[in-house]
Amino acid sequence: MAAHVDTSFARRIGRLQRTHRRMARGASTYMRKDGLLVMRPRRSYRLVRMLKTAAMVIAGGIAFKAFLVASLGPSTYQTRLALLENGTVAESYAARIMAIDPATQWLADQANSLRDKRL
């Protein structure tokens with residue numbers, strides 16, 4: 001019986017310590033139906049935040065490439081990529097990343113059509 005009480009107590013202490021660590025990162029307070037204020041640790045949306053950040057970085061990179069293709073023109077852009085491919089290892093990787101993909105080409109075409117309409 002004593003061993004069961006000790007493990008149950010240790011489990012409760014562990015749960016309280018885990019909750020305390022989570023509440024140190026932020027907590028929210030709400031009122032139950034009986035009027036008691038209860039604090040709970042805030043949910044961590046770390047994975048969602050990382051995915052949003054990654055999506056924003058990728059979208060920004062595609063938009064940057066589209067801007068370059070639209071402003072330089074596809075032939076000049078490809079010429080500069082060919083120069084990059086013949087460089088160091090890092091430059092060749094950069095050339096692969098900066099290659100024109102369908103999303104980049106579509107955005108560049110949209111930007112060119114908007115520019116032509118304005119002129």
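Is lysine 65 buried or exposed? Select lysine 65: at 6% relative accessibility, this residue counts as buried (buried is under 20% relative accessible area, exposed over 50%, partly exposed in between, with a 1.4 Å probe and protein chains only).

This is a predicted model, where local features need pLDDT of at least 70, side-chain atom pairs count only at pLDDT 80 or more, and totals for chains, interfaces and linings use all residues. Residues are numbered from 1 along each chain as its sequence is written, and side-chain values use heavy atoms, leaving out hydrogens and water.

**Salt bridges**

Lysine 65 lies in helix 2 and aspartate 101 in the loop between helix 4 (89–97) and helix 5 (102–118), so the pair ties together parts 36 residues apart in sequence. Helices are DSSP runs of H or I, at least four residues, numbered from the N terminus. Aspartate 101 is partly exposed, at 23%.

Next, select arginine 32 and aspartate 34. Their salt bridge has its closest N and O atoms 3.1 Å apart. Arginine 32 is partly exposed, at 39%; aspartate 34 is exposed, at 56%.

**Helix 1**

Go to phenylalanine 9, in helix 1 (residues 2–24). Phe9, Ile13 and Leu16 make a nonpolar surface patch of about 290 Å² (patch residues have over 30% relative accessible area and no salt bridge; nonpolar side chains are joined within 5 Å, like charges within 9 Å).

Finish at arginine 18, also in helix 1. Arginine 18 is partly exposed, at 43%.

Technical notes:
Accessible areas come from the Shrake-Rupley method with a 1.4 Å probe; for residues, only the protein chains shown count as cover. A salt bridge is a side-chain nitrogen of Lys or Arg within 4 Å of a carboxyl oxygen of Asp or Glu. Helices (H or I, at least four residues) and strands (E, at least two) are DSSP runs, numbered from the N terminus.
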